[in-house]
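Here is a set of questions and answers for working through a protein structure step by step. Please keep the sequence and the 3D view open while you read.

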Amino acid sequence: MEYSDHFVYRGNQLYAEDCSVADLAKKYGTPLYIYSHDSLKQAFLNYDTNLAVPHTICYSVKANSNLAVLQLMASLGSGFDIVSKGELARVVAAGGDPSKVVYSGVGKRDDEIRYALEKGIYCFNAESKMELKTISDVAVSMNLKAPVALRVNPDVDPHTHHHIATGLKTSKFGVAWEDVLNVYEYASSLPGLQIKGVDCHIGSQIASLSPFAEMAEKIRTLAVTLKERYGIEFIDVGGGLGINYDNDGVPATADYMKLLESYFKDLGLRLVLEPGRSVVGNAGILVTRVQYLKQGASNFIIVDAGMNDMIRPALYSAWMNISEVDRSGASSAVKSTVVGPICESSDKLGEDRLLAVKQGDLLVQFSAGAYGFSMSSNYNSRPRAAEVMVKGDRDFEIRTRETVEDLWRGEHLL
Ligand code: LLP
């Protein structure tokens, strides 16, 4: 199965655009993240060019925050959805435009709010009365009015993994639906705020359009009221579509854009979208080398990428496709469990996979561009992987592999 036009087998060899993945692994070592420039660009344009309503696509930085990825997005005209001062600083360092930044998250600190106001972001998506008060106080102390939207919780079931469902009543996110108008009224009474929009985000890896339709229906009605009362100028519909990890059959981006048009075209409001996974997910792969083979309860393939490099299978029981970089031995494949070197039983990249490998061979995990490197850690004191972006037959090292000395940068002996 192929996930992108940009990671394809030529004969038995996997290519990233026009670069041999085996050659890249030799040049940069493993574990190695590889991203395709054109795949990233195409996925962004699938949103930007298919939506016939005034809009800003705010790429969600958390999915993959490498500076070169942000730089590419900025060059395509993208705005950014951020959740911390660190993410905003990355956007600025990558040449992104702060006036196209929306700031999400339930726990913004004073210093983060101040920094965002200094940079002149487009809007804060606030989630509680206390947060509104804090944003107002900081703005007043700077003689400014802070642009705000309320993240509302429309109580829609996104039918996704419970760790990444955010729009249910029981979630910590957003303002409860029945309180929304009261909280807007409160916001309008605060001296440091300027009400600009309404925001929601119901979850991630959503594999059908129906939860989005349910959300759009509710938000549309609310937005009409808010436009009348407060003259709001935008509706932020949150994150994007899920992606194919298996043959999940997710809808085409263009169809989601048509759905948004059908609900929002006549309102005279700007749409803001915050897609992350669907922009970078299938534009990236993780390449790892087989260290050992071991027979136990299963055929274990022990590789050099662990849950510190890719935590999605361990954290969300996520299924991600794994294949050989060189498929010439595929006919002798055996059912195997692919595990990393970390001292945790959950350190698995995949179970029950038909694979044919010997020591020293390379495996690839597809769909690894989103929430892969950005969630990686130094657990077990493992330096984080290198990241490379390919464009045609050229490769760019966009993050150097960490060294062992990097592991204790900032630590001090007594
Ligand atoms: N906007 C907000 C407010 C969000 O919380 C998120 C994701 C997004 C946008 C982007 O959503 P996307 O387009 O990527 O679905 N680590 C998990 C996913 C966590 C999603 C968190 N929020 C995973 O690996 O599946």
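Predicted model: local features only at pLDDT ≥ 70, side-chain atom pairs only at ≥ 80, totals over all residues.

Q: How many residues apart in sequence are Lys27 and Asp395, the pair that lies in helix α1 and strand β21?
A: The side chains of Lys27 and Asp395 meet in a salt bridge, with N and O 2.8 Å apart. Lys27 belongs to helix α1 (residues 21-28) and Asp395 to strand β21 (residues 394-399), so the pair ties together parts of the chain whose separation in sequence is 368 residues.

Q: Is Lys27 buried or exposed?
A: The relative accessible area of Lys27 is 54%, and the cut-off for exposed is over 50%.

Q: Which residue forms a salt bridge with Asp309?
A: Asp309 sits in the loop between β15 (299-303) and α11 (312-316), and the partner sits in the loop between β19 (362-365) and β20 (386-391), 73 residues apart, so that the link joins distant parts of the chain. Both residues of this pair are buried. The closest N and O atoms are 2.7 Å apart, and the partner of Asp309 is Arg382.

Q: What is the distance between the closest N and O atoms of Asp18 and Arg10?
A: Asp18 is partly exposed, with a relative accessible area of 43%, and Arg10 also counts as partly exposed, at 40% relative accessibility. The two residues form a salt bridge, in which the closest N and O atoms are apart by 2.6 Å.

Q: Which side chain of opposite charge is nearest to Glu112?
A: Glu112 is found in helix α5 (residues 110-119), and its contacts, not counting residues up to four places away in sequence, are Ser84, Lys85, Tyr103 and Gly107. Glu112 is buried yet has no salt bridge. A salt bridge needs a nitrogen and an oxygen within 4 Å, while the nearest side chain of opposite charge is 4.4 Å away and belongs to Arg109.

Q: Which residues form a negative surface patch?
A: One member, Asp179, lies in the loop between β10 (175-176) and α7 (180-189), and Asp179 is partly exposed, with a relative accessible area of 37%. The negative surface patch is made up of Asp155, Asp157, Glu178, Asp179 and Glu214.

Q: What is the value that omega is near for the peptide bond from Thr30 to Pro31?
A: Pro31 is placed in the loop between α1 and β4 (32-36). The peptide bond leading from Thr30 to Pro31 is cis, and its omega is near -5°.

Q: What value is phi of Ser367 near?
A: Ser367 is found in the loop between β19 and β20, where it counts as buried at 1% relative accessibility. Asn380 is in the loop between β19 and β20 as well, and its phi is near 65°, a positive value in a residue other than glycine. Phi of Ser367 is likewise positive in a residue other than glycine, and it is near 55°.

Definitions and conventions:
Residues numbered from 1 in each chain as written. Heavy atoms only, no water. Patch = residues over 30% accessible without salt bridge, like charges linked within 9 Å, V, L, I, M, F, W, Y side chains within 5 Å. Areas by Shrake-Rupley, 256 points an atom, 1.4 Å probe, with all protein chains shown as cover. Lys, Arg positive; Asp, Glu negative; His and termini not counted. Charge placed at Lys NZ, Arg CZ, Asp CG, Glu CD. Helix = DSSP H or I, 4+ residues; strand = E, 2+ residues; numbered from the N terminus. Buried < 20%, exposed > 50% of the residue type's maximum accessible area, 1.4 Å probe, protein only. Contact = heavy atoms within 4.5 Å.
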